[in-house]
Amino acid sequence: MKEGQPSAAGEALTVTNPWQRLRELTDARIGLGRVGGSLPTSAQLAFQLDHARARDAVHMALDTERLMPELDRRFPLALRLHSQAADRDEYLRRPDLGRQLSADAEQELAAITSEPCDVSICVVDGLSARAIHEQAIPFLDAALPEIERLGLSLGPVALVEQGRVAIGDPIGEALKARMSIVMIGERPGLSSPDSLGLYFTWAPRAGRRDSERNCISNIRPRGLKYANAARLLAYLMREAQTLGASGVALKDDSEGDSQLGDGREGNFLLLPE
């Protein structure tokens, strides 16, 4: 169908363009067509629905009652912790409070007498509890065997409410972990309200900078697949042990890593929170 030619019945006034065929390959808003100088009604309604889903993801409460039993089945000890942000409104207004543990959480961590561990894992609601609900457990099921193959020991897992990325630093420090993994709900996009991000930090401790961590982004079925993200994480962990660092010092040379396999969709980026 040529530019300027009306589409089939039901959209008789919609003018199409050649970009529409690319919509089969991406969730991006391209090739929407037009009616006069405006978007078609269907495209406008779809935009409003996606915007509502993104807003809902930001304000959704973390379902700890659903997640804690799943974590208990996979770890010898699962902790339920909270940041200094008392509720969602304060969390959104005060990002700094989301990076700090509550007094109760600090006391709970101080009471743990477990041995030092190689890896501390934190599951954090972030800006999309929906991403945690849908992606956290499937990703863990892909990642834990990779961590086991590396011969690394796991510390207690922490499920954190109203948390930001940096909250994994004091948790990892309290657990005497060599490495920290923070799984967090990413800021929702209009086509991805369910995207999980993963932040990896070598030698976690309070005060670490964003430049000292690496991020694997867009983990979800329509983005970076769980198995591929888990292999990228294993690559990071292997390289960090050799280098003794993470972040800008740890470059992505994974293209030449035969253990990663093929078909790796998605991002492997260093991003600030």
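Guide: Before we start, one term: two strands are said to pair if DSSP finds at least two bridges between them. Please also keep in mind that this is a predicted model.

Visitor: Okay, how many helices and strands does the protein have?

Guide: The secondary structure of the protein comes to eight helices and seven strands. Of its 273 residues, 48% are buried.

Visitor: What share of the contacts between residues at least 6 apart in sequence join residues at least 24 apart?

Guide: That share is 68% in this protein.

Visitor: Let's look at a strand, then. Is β5 mostly covered or uncovered?

Guide: Strand β5, which takes in residues 196-202, is mostly covered, since seven of its seven residues count as buried. For that label a residue needs under 20% relative accessible area.

Visitor: And which residues are on the faces of β5?

Guide: On one side you find Leu196, Leu198, Phe200 and Trp202, while Gly197, Tyr199 and Thr201 are on the other, and both faces are covered.

Visitor: In what sense do β4 and β5 pair?

Guide: Strand β4, residues 177-185, pairs with β5 in the antiparallel sense, and seven bridges hold that pairing in the model's count. If you want a place to look, find Gly185, which stands opposite Leu196 of β5.

Visitor: How many bridges join β5 to β6?

Guide: There are five bridges between β5 and strand β6, residues 213-219, and these two strands run antiparallel.

Visitor: Why is β4 largely enclosed by the rest of the structure?

Guide: Eight of the nine residues of β4 are buried, so the rest of the structure largely encloses this strand.

Visitor: What about the loop between β4 and β5, where is Arg187 found, and is it buried or exposed?

Guide: Arg187 is found in that loop between β4 and β5, and at 61% relative accessibility it counts as exposed. In sequence Arg187 and Leu127 are 60 residues apart, whereas in space their C-alpha atoms are 5.1 Å apart.

Visitor: Changing topic: at what angle do α6 and α8 pack?

Guide: Helix α6, residues 129-149, and helix α8, residues 226-243, pack at about 45°, and their axes are 9 Å apart. The two helices are therefore oblique to each other, and α6 passes α8 in a right-handed crossing.

Visitor: Which residues of α6 and α8 meet?

Guide: From α6 the contact takes in Glu134, Gln135, Pro138, Phe139, Ala142, Ala143, Glu146 and Ile147, and from α8 it takes in Tyr226, Ala227, Ala229, Ala230, Arg231, Leu233, Ala234 and Met237. Sorted by class, the contact of α6 with α8 has 12 nonpolar, one polar and three charged residues.

Visitor: How far apart are the axes of α2 and α6?

Guide: The axes of helix α2, residues 64-74, and α6 are 11 Å apart, and the packing angle is about 5°. That makes α2 roughly parallel to α6, because angles under 35 degrees count as roughly parallel. On the α2 side the contact is made by Arg66, Leu67, Glu70, Leu71 and Arg74, and on the α6 side by Ile132, His133, Ile137, Leu140, Asp141 and Leu144. These residues divide into six nonpolar, one polar and four charged.

Visitor: How far apart are Arg66 and His133?

Guide: They are 67 residues apart in sequence and 8.5 Å apart in space, taken from C-alpha to C-alpha. Arg66, in helix α2, counts as partly exposed at 44% relative accessibility.

Conventions. Residues are numbered from 1 along each chain as its sequence is written. This is a predicted model: local features need pLDDT of at least 70, side-chain atom pairs count only at pLDDT 80 or more; totals for chains, interfaces and linings use all residues. Side-chain values use heavy atoms; hydrogens and water are left out. Buried means under 20% relative accessible area, exposed over 50%, partly exposed in between (1.4 Å probe, protein chains only). Helices (H or I, at least four residues) and strands (E, at least two) are DSSP runs, numbered from the N terminus. Axes are lines fitted to C-alpha atoms, for helices over the stretch in contact, and angles run from 0 to 180 degrees between N-to-C directions. Angles under 35 degrees count as roughly parallel, over 145 as roughly antiparallel, 65 to 115 as roughly perpendicular and the rest as oblique. A crossing is left-handed if the near helix is turned anticlockwise from the far one by less than a right angle, and right-handed if clockwise. Contact means heavy atoms within 4.5 Å. Ala, Val, Leu, Ile, Met, Phe, Trp, Tyr, Cys and Pro count as nonpolar, Asp, Glu, Lys and Arg as charged, and the others, Gly among them, as polar.
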